[in-house]
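Work through these exercises with the structure in view. Each task is followed by its solution.

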Amino acid sequence: PVPDLGVSVQELSPALREAFGLSQDVAGLVITEVDGRAAADLRPGDVIVSIYRDPVETVEDISEAASKARGEGRSSLLVLIDRDGARLFVPVPLLAS
């Protein structure tokens with residue numbers, strides 16, 4: 001789980017790529033669950049590719065980006081997701097941890 005964003009993520013594996021129909025070209029963390037507090041624009045199967053242009057490979061990468069944003073007084077993160085092969089920037093509000 002990533003409490004800052006209200007989602008659960010996993011590293012991409014062959015099984016998850018197959019389950020969500022993800023390309024071999026996409027890298028990042030796949031969203032496996034979204035709770036009711038998360039941004040309406042996120043859904044299971046989306047792959048978090050980067051946050052503020054920094055690649056995301058681990059949950060720690062997301063937590064560090066959230067901590068940095070809070071330290072700078074921001075209330076959201078600009079997240080690049082891959083959805084069905086299309087890249088989208090999504091502003092995701094930070095949730096209280």
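Buried means under 20% relative accessible area, exposed over 50%, and partly exposed in between (1.4 Å probe, protein chains only). Helices (H or I, at least four residues) and strands (E, at least two) are DSSP runs, numbered from the N terminus. This is a predicted model: local features need pLDDT of at least 70, side-chain atom pairs count only at pLDDT 80 or more, and totals for chains, interfaces and linings use all residues. Residues are numbered from 1 along each chain as its sequence is written, and side-chain values use heavy atoms, leaving out hydrogens and water.

**Exercise 1.** Find which residues of H2 are buried and which are exposed.

Step 1. Ile62, Ala65, Ala66 and Ala69 are the buried residues of H2.
Step 2. Seen down the helix axis, these buried residues fall within an arc of 100 degrees (taken from the directions from the axis to the C-beta atoms), so they line one face of H2.
Step 3. Glu64, Ser67, Lys68 and Gly71 are exposed on the other side of H2.
Step 4. The buried residues pack against strands S2 (29-34), S3 (47-51) and S5 (76-83), where contact means heavy atoms within 4.5 Å.

**Exercise 2.** Describe the salt bridge of Arg70 and Asp4.

Step 1. A salt bridge is a side-chain nitrogen of Lys or Arg within 4 Å of a carboxyl oxygen of Asp or Glu.
Step 2. The side chains of Arg70 and Asp4 meet at 2.8 Å, N to O.
Step 3. Arg70 is in helix H2 and Asp4 in the segment before strand S1 (7-11), 66 residues apart.
Step 4. Arg70 is partly exposed at 34% relative accessible area, whereas Asp4 is buried at 9%.
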